[in-house]
Amino acid sequence: MDNRRNADTVRDMKAPVVLFGGQSLSPYALENLTQGKSALALAVERARSFPHVSDVYLFLLDTIDESLLPGGCIIIKKPQWTVLNLLESLAELSQGQDLLYYAWADCPLLDPDLTQAMAERHLRWASEYTFADGWPYGFAPELLAPSTAAILLSIYKNSIGAQASTETSQRGEPVQTGLVSRDALFQVLQKDINSFDIETEISPVDLRSYRLTLAADSKRNHILLKRLIDAGLDRADKAPELLKAHPELLRTLPAFFQIQVSQPCPQRCTLCPYPQFGDPSLNAFMSLDAFKSILDKIVAFSGEGVIDLSLWGEISLHPQAVELIVAVLERPELALIVETSGIGWTASQIERFAAAARNSAPLRRGTNNLPPLSWIVSLDAKSPERYREIRGTGYDEANRFADLLLQHFPWATYVQAIRVKGAEDDIEQFYHHWKARGAEVIIQKYDYFSGFLPQKRAGDISPLIRHPCWHLLRDMVILLDGTVTRCKEDIHRTDVLGNIFTETMDALWQKAHISYMEHAQKNYTGICKDCDEYYTFNF
């Protein structure tokens, strides 16, 4: 049976566009982006060019200043948007329509031509849900058939029906009042994905490797959008050539900050260079005031960011470890990742961190939708014998600590093991053991630090064609005394960019741009020449 629709049936169609703002709409979406227009104004302008559009709806908070909004839209406000009331609103709007477009209101590069192709495919094959794949996020809306939103609403209600209203989601929020994520519709659809007729408009060039978000959701992405638009990007089909020709446009602001706050470490790991180039026996620490000053500089410069503690050394040994972690949680622009051996913590500390993370969750914004606090416990082995060989003593304490974290941070606990040649059996057992316990498992590639350590990698997983280093693109490394080096691999400080306590963030960041542009020109010097960490990506 031919499932296609006759073209005569689409001449007088009605297709509303919903642009979602909600509580996650960043102030950057309302700032001037180009020619006096904000990202939101451009999103509305482009949405009006979608095929068969009847009305453009803006879903916003009650607190929005309407003087900043473009005219000609139907504005629907709520004190809070949740997945539940979003689906209820979409289901109501879909009644009597032929299809519904859904996108976020901070996407100024929504492409009417790409949307036209999606709408034709959607209608031709009577799809219930159509999306684009292979392009950076922000070029295309999601398309829903008239009945799809109501079906998704039913699925969502069933998924939460058996849960108490006070139960918390993975973000530490009440399930029925969970905030709306960018993939909220697809997350609900996935619960019963085989019941839907789905169509996909696939990019002829897969651009997912760029990891771009073309939405004005942060200072970083606002800068990126302005650069790309000024360079002539106005349609999705221009993206492959422009991104390839202008890698310099992609390096905007640092996003991931590895900070050393503690010098001592309770273990001397054979897979880590720190026992050889550092002195883990010394009790030297970054002061709380100095650490807070770094956090304030990061917020002022980048707008938001992910803080990773501790680059070298064990944070649990810091006399003010609790205060350091709370200092990050008190800044809603920041997310924190604590990397630890799992040795030296107390149960009362973990309980305090869990309470602080819950209290900070409603205030947070940005930071890639990460929880306020995540943990990475470096265990490296399933068997006690293998653990002792790699890390020394502490197996029981570290494993008990990981289990304790899973009780308090079930959505944000990672256990990590480094994969090396000759230990595949233990790594497999490690993976299955911790997955069964509900942990997220990181199997990390071996890093030989450009030849400082012997090469023990289990296999070469590097890309066939080398690309500019992710760490030069988005990371900043800060050592105990404030020294900023090119990257984590520079353990001998061969390329010191400066000191964060005496120089501006902008000056430090621009110095590393030289190395990034060398990579863009296929020129790899110094420690970069023999490094195979360039393709690894941090949070």
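The model is predicted. The count of aromatic pairs comes to 23, and the count of salt bridges comes to 24.

**Aromatic pairs**

- A pair of aromatic rings is described by the distance of the centres and the angle of the planes.
- Tyr 274 and Phe 277 form an edge-to-face pair, with 5.5 Å from centre to centre and 70 degrees between the planes.
- Both Tyr 274 and Phe 277 belong to helix H8 (residues 274-277), where they are three residues apart, about one turn of the helix.
- An α-helix has 3.6 residues a turn, so residues three or four places apart point the same way.
- Tyr 274 is buried, because its relative accessible area of 5% falls under the cut-off of 20%.
- Phe 277 has a relative accessibility of 25% and therefore counts as partly exposed.
- Trp 375 and Phe 401 also form a pair: the ring centres are 5.8 Å apart and the planes stand at 75 degrees, so this pair is edge-to-face.
- Trp 375 is in strand E13 (residues 373-378) and Phe 401 is in helix H13 (residues 395-408), so the pair ties together parts that are 26 residues apart in sequence.
- Trp 375 is buried, with a relative accessible area of 0%, and Phe 401 is buried at 5% relative accessibility.
- Trp 375 and Phe 401 belong to a cluster linked by ring pairs, together with Trp 345, Phe 353, Phe 409 and Trp 411.

**Charges over rings**

- Arg 211 lies over the face of Trp 470, at 5.7 Å from the ring centre.
- Arg 251 lies over the face of Trp 509, at 3.5 Å from the ring centre.

**Helix H11**

- Helix H11 (residues 347-360) has 14 residues. From its first C-alpha to its last it reaches 20 Å, close to the 20 Å expected at 1.5 Å a residue.
- The buried residues in H11 are Gln 349, Ile 350, Phe 353, Ala 354, Ala 356, Ala 357 and Ser 360.
- These residues cover an arc of only 165 degrees around the axis, which means that they are on the same side of H11.
- The buried residues of H11 pack against helix H10 (321-329), E13 and H13.
- Phe 353 is one of these buried residues, and Phe 353 is also part of the ring cluster that includes Trp 375 and Phe 401.

**Helix H1**

- In helix H1 (residues 39-47), seven of the nine residues are buried, so H1 is largely enclosed by the rest of the structure.
- The buried residues are Ala 39, Leu 40, Leu 42, Ala 43, Val 44, Arg 46 and Ala 47.

**Salt bridges**

- Glu 199 and Arg 121 form a salt bridge in which the closest N and O atoms are 3.8 Å apart.
- This pair links distant parts of the chain, with Glu 199 in strand E9 (residues 198-202) and Arg 121 in helix H3 (residues 112-124), 78 residues apart.
- Arg 121 counts as partly exposed, at 26% relative accessibility.
- Asp 234 and Lys 238 meet in a salt bridge at 3.0 Å, N to O. Asp 234 is partly exposed, with a relative accessible area of 31%, and Lys 238 is partly exposed at 31% relative accessibility.
- Asp 237 and Arg 235 form a salt bridge, and their closest N and O atoms are 3.2 Å apart. Asp 237 counts as exposed at 56% relative accessibility, whereas Arg 235 is partly exposed, with a relative accessible area of 30%.
- A network of salt bridges links Lys 445, Arg 457, Asp 460, Asp 532 and Glu 533.

**Pro 273**

- Pro 273 is in the loop between strand E10 (256-259) and H8.
- Pro 273 is buried, with a relative accessible area of 1%.
- Leaving aside neighbours within four places in sequence, Pro 273 is in contact with Trp 312, Phe 449, Phe 452, Leu 453 and Ile 491.
- Pro 273 and Leu 152 are 121 residues apart along the chain, and their C-alpha atoms are separated by 51 Å.

Notes: Residues are numbered from 1 along each chain as its sequence is written. This is a predicted model: local features need pLDDT of at least 70, side-chain atom pairs count only at pLDDT 80 or more; totals for chains, interfaces and linings use all residues. Side-chain values use heavy atoms; hydrogens and water are left out. Rings of Phe, Tyr and Trp (its six-membered ring) pair if their centres lie within 6.5 Å; planes under 30 degrees apart count as stacked, over 60 as edge-to-face and the rest as tilted. Helices (H or I, at least four residues) and strands (E, at least two) are DSSP runs, numbered from the N terminus. Buried means under 20% relative accessible area, exposed over 50%, partly exposed in between (1.4 Å probe, protein chains only). A charge sits over a ring if NZ of Lys or CZ of Arg is within 6 Å of the ring centre and within 35 degrees of the ring normal. The expected span of a helix is 1.5 Å times one less than its number of residues. The arc is that of the directions from the helix axis to the C-beta atoms. Contact means heavy atoms within 4.5 Å. A salt bridge is a side-chain nitrogen of Lys or Arg within 4 Å of a carboxyl oxygen of Asp or Glu.
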